[in-house]
Amino acid sequence: MSTDLIDVHAPAIDIQGLVKSFGDNEVLKGIDLTVKAGEVVCVIGPSGSGKSTLLRSVNLLEEPTGGKVLIEGIDITDPDIDIDRIRTRIGMVFQSFNLFPHLDVMGNLMIAQQRVKKRSKAEAEKVARAMLGRVGLSEKADAFPGHLSGGQQQRVAIARALCMNPDMMLFDEPTSALDPELVGEVLQVMRTLADEGMTMLVVTHEMGFAREVGSRLIFMDGGVIVEEGDPREVLATPQHPRTQDFLARVL
């Protein structure tokens, strides 16, 4: 099925009644969530609340047990969908950087462009250099991942995702594996993307980022969305006792 049938008026992400179980353990219990184009939606919550599973379900890295996920109006849970074509529209940045250690930075940025996007080597290199510039690492083009700091590796991972010209970006706790002094450089890149209008769904522990950059804040616990709203309001005056308890521990 062609992915060219995109509904320009549809939300970027439309999650309807999403259920995910691992055996008898129901991790997501009927999640409804809509992310409009240009929104930055931050998801917070305790460990095991289902945040990462929710994020991984958006591009079918986790197969939902029930419900639907629509990307720009296309139901990606439809078995006839070419999910790989849809995934090219969704950039994903993980907790671990997942860079190929045997490839230099340029190699990491070019491989998917050439294999998935079928770009020529020259075109892939041009895009890679442009994206490296966007994350402030132009001088690291020939470096290998093992010679980069964690913050630099994560910025390379963001650049790699951007090389595919995604319509939206998913971030799964992108700073949690970093030393504290390296967190800021990654968040700055994410802030810039938000300022440029990139649609973002971000699972994070960085409350300052959520407050300053987020259009909306989601608090999850026990596989459900407990509370959502303007990040400043939710963080300052949470309404639900579970949100209050969580924020009292982390703020």
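Which residue in E7 is the bridge partner of Val93? In this predicted model, the partner is Phe171. The two strands involved, E6 and E7 (residues 168–172), pair in the parallel sense over 4 bridges.

**The sheet**

Strands E6 and E7 belong to an open sheet of 6 strands, arranged in the order E6-E7-E8-E3-E9-E10 with mixed pairing. Strand E6 (90–93) and strand E10 (224–229) each have a single partner strand and stand at the edges, so one side of each has no neighbour in the sheet. On average, neighbouring strands of this sheet are turned by 15° against each other, direction ignored. Strands of a sheet pair through backbone hydrogen bonds, in either a parallel or an antiparallel way.

**Helices across the sheet**

| Helix | Strands it lies across | Angle |
|---|---|---|
| H1 (residues 51–58) | E3 (40–44), E6, E7, E8 (199–203), E9 (216–221) | about 150° to E7 |
| H6 (residues 180–195) | E3, E7, E8 | about 145° to E8 |

Helix H1 is mostly covered, with 6 of its 8 residues buried. These buried residues are Lys51, Thr53, Leu54, Leu55, Ser57 and Val58. After H1 comes Leu60, which has a positive phi near 65°.

**The annotated region**

An unreviewed UniProt entry lists residues 13–247 as "domain: ABC transporter". Over residues 13–247, the chain is 37% helix and 26% strand.

Note on methods. Residues are numbered from 1 along each chain as its sequence is written. This is a predicted model: local features need pLDDT of at least 70, side-chain atom pairs count only at pLDDT 80 or more; totals for chains, interfaces and linings use all residues. Side-chain values use heavy atoms; hydrogens and water are left out. Two strands pair if DSSP finds at least two bridges between them. Axes are lines fitted to C-alpha atoms, for helices over the stretch in contact, and angles run from 0 to 180 degrees between N-to-C directions. Contact means heavy atoms within 4.5 Å. UniProt positions are given in the numbering used here, feature names are shortened, and annotations may be inferred rather than shown by experiment. Buried means under 20% relative accessible area, exposed over 50%, partly exposed in between (1.4 Å probe, protein chains only).
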